[in-house]
Amino acid sequence: LVYTDSSPLRRILHADATLDADGQPIKKKKVVVLGSGWSGYSFLNYLNNPNYDVQVVSPRNFFLFTPLLPSVTNGTVEARSIVEPIRGLIRKKGFEYTEAECVKIDASNKKIHCRSKDGSSLKGTTEFDMDYDILVIAVGAKPNTFNTPGVEEHAYFLKEAEDALNIRHSVIDCFERASLPNLTEEERKKILHFVVVGGGPTGVEFSAELHDFLVDDVAKIYPKVQEFTRITLLEAGDHILNMFDKRITAFAEEKFQRDGIDLKTGSMVVGVTADEISTKERETGKIVSEPYGMVVWSTGIGSRPVIRDFMQQIGQGQRRVLATDEWLRVEGCDSVYALGDTATINQRRVMEDIAAIFKKADTGDTGTLNKKDFNGVVKDICQRYPQVELYLKKNKLKNIAHLLKSANGEDTQVNIEKFKQALSEVDSQMKNLPATAQVASQQGKYLAKCFNRMEKCEKKPEGPLRFRGEGRHRFQPFRYRHFGSFAPLGGEQTAAELPGDWVSIGHSSQWLWYSVYASKLVSWRTRTLVISDWARRFVFGRDSSS
Ligand code: FAD
Ligand code: MG
Ligand code: MG
Ligand code: MG
Ligand code: MG
């Protein structure tokens, strides 16, 4: 057979997805994904588009199931039971993985600069550049010390698997040291004073796990020193778990009181030295210092240095967190997406767009909206501005029509002034999504689905967003679905706050908690290991070697 390069016959003979219509090999777009945590792993897990060449860069070759991390600190669960190696997924999907850390993003040249982990001291570290067509940033965040002196040096964090193991060793170590002969009572008390800083879910859960360990195990293993142990939980605000329903906060505070955990609210840590932790009491302004044996720091998260540097480059230097639009595209630069704890969605205000919305709704340019005009845009408005739905729900209104009616009385025609007035309060319901695994994994899944449909959407540029010139985006914006919040409180009790104002506290919630988080991301291997850890602990107690 003789044929020219561009003949249709060639296309038939070489019916190959890797050739384009002219018979030329398609150059696949290179997607570089930074991170293998909740958002990154979820993105990779749902990405199914053969037209991308996917490169993953992460210093960690496994996914970590963070909700069970506090249980690793006291040996209820083994660290290896809650990690999932990513190599399996990478192979299955035909992706590539490099174990390295991205240290610089160069958005203007579409390049990243990476450094391999400082493994062998003989070889030293390797540095290399990697270019990308599309960059997906899913690097998470780092613990925030608020520049409190001494924290980096003396406190423990609880973020990575390694941290949990370090804490576990340190707790046991404190007990062994306190059991040495020739110590005064004061010295034993100091060594066995455990201080947890931060009354958010992680700090509370860790305190609860530590308390369980003291009650269930220490009493048997270290009976002589048990009386000297003390747990202090420091919180700068008025209450612990302040993002939860008041009932849960109250329950947790009471339970901690009963358990003998020393809860100090309104105390802000101002410094940590090798022996003492100093707090400032908000009411009196007094600074109090107390000796401690171990401090665990869990006061929230901040941006990683590589992200701070990137924000400077793209004109986001003034912001606290990297901002994306509702499609998870980083604002101020091209072809870069960010998801999970690294970023926050910069939600648009209805009031910013109100004139455009009105104009779009007003078919026939009459200057007023009738019922039909209105119905034409209601769905889009709710889709584009999640705060509208929250506002309606809060005010027990069925839909925007009811909102208008309350502003406009019986009149069915609405002019722009009335329209503005009716929607004037909705932006008050805007809030940032929390930095949770739930949000991160949903964002990963959402973005993967967008990537899976990318070509189709490029061919059919008519999207659901018909106003404000957003038609070109073609995808629905990201919408978060909240399945509930959980706060394990120790003693096999968990507080659950589910959508619809449903609060439940007790033993059954403990199981609900685990089943909610053990989503598709967790393999049967992980589930089996965790369940056998639980069974082992039930039968034999926790492992107290370090
Ligand atoms: P991460 O999961 O932190 O992943 C970041 C990834 O990026 C990691 O693989 C990391 O190695 C990698 N990385 C870091 N730096 C770089 C770099 N420079 N270059 C390349 N890669 C990099 N959320 C809940 O919803 N429910 C819970 O019960 C819950 N419990 C928690 C308990 C603890 C102890 C902790 C610490 C967190 C908990 N969270 C929980 C929060 C949840 O873990 C985070 O919100 C979630 O991990 C965020 O996902 P992410 O993908 O943004 O970041
Ligand atoms: Mg990630
Ligand atoms: Mg993770
Ligand atoms: Mg994180
Ligand atoms: Mg976020």
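The shell around ligand 1 takes at least three residues from each of domain 1 (8-66 + 82-141 + 303-343) and domain 2 (151-301 + 521-540); the bounds of these domains come from an automatic or database domain assignment. The structure is a predicted model, in which local features need pLDDT of at least 70 and side-chain atom pairs count only at pLDDT 80 or more, while totals for chains, interfaces and linings use all residues. Residues are numbered from 1 along each chain as its sequence is written, and chains are lettered from A and ligands numbered from 1 in the order in which they are written.

Of the 33 residues around ligand 1, those that come nearest are Gly35, Gly37, Gly140, Gly340 and Thr436; a residue is near a molecule if its C-beta atom, placed from the backbone, lies within 6 Å of it. Two or more residues of the shell come from each of helix H2 (38-46), strand E2 (52-58), helix H3 (69-72), strand E5 (96-106) and helix H16 (437-452). Helices (H or I, at least four residues) and strands (E, at least two) are DSSP runs, numbered from the N terminus. By class, the shell around ligand 1 holds 15 nonpolar, 13 polar and five charged residues. Here Ala, Val, Leu, Ile, Met, Phe, Trp, Tyr, Cys and Pro count as nonpolar, Asp, Glu, Lys and Arg as charged, and the others, Gly among them, as polar.

Besides domain 1 and domain 2, the protein has domain 3 (349-431). The C-alpha centres of domain 1 and domain 2 are 36 Å apart. Eleven residues of domain 1 are in contact with eight residues of domain 2, contact being defined as C-beta atoms, placed from the backbone, within 7 Å. On the side of domain 1 that touches domain 2, two or more residues are given by each of H2, strand E3 (62-64) and strand E4 (83-85). H2 gives the most to this side, with three residues. The side of domain 1 that touches domain 2 has seven nonpolar, two polar and two charged residues.

Helix H2 is largely enclosed by the rest of the structure, because seven of its nine residues are buried. A residue is buried if 20 or more other C-beta atoms lie within 10 Å of its own, exposed if 12 or fewer, and partly exposed in between, with C-beta atoms placed from the backbone. The buried residues of H2 are Trp38, Ser39, Gly40, Tyr41, Ser42, Phe43 and Leu44. Their cover includes strand E1 (29-34), E2, E3, helix H4 (87-93), strand E8 (134-137) and H16.

Five strands form an open sheet with parallel pairing, in the order E10-E17-E11-E12-E13; two strands pair if DSSP finds at least two bridges between them. Strand E10 (156-157) and strand E13 (262-265) are the edge strands, each pairing on one side only. E10 pairs with strand E17 (residues 294-297) over two bridges, and tyrosine 156 has valine 296 in E17 as its bridge partner. Strand E14 (residues 267-272) and strand E15 (residues 276-281) are antiparallel and share five bridges. These two strands form a hairpin with three residues between them, and methionine 268 stands opposite lysine 280 in E15.

Two residues other than glycine have a positive phi: phenylalanine 146, near 50°, and leucine 328, about 70°. Phenylalanine 146 is in the loop between strand E9 (142-143) and helix H5 (151-154), and counts as exposed, with 12 C-beta neighbours inside 10 Å. Leucine 328 lies in the loop between strand E19 (322-324) and strand E20 (336-338) and is buried, with 25 other C-beta atoms within 10 Å.

How values were computed: Two residues are in contact if their C-beta atoms, placed from the backbone, lie within 7 Å.
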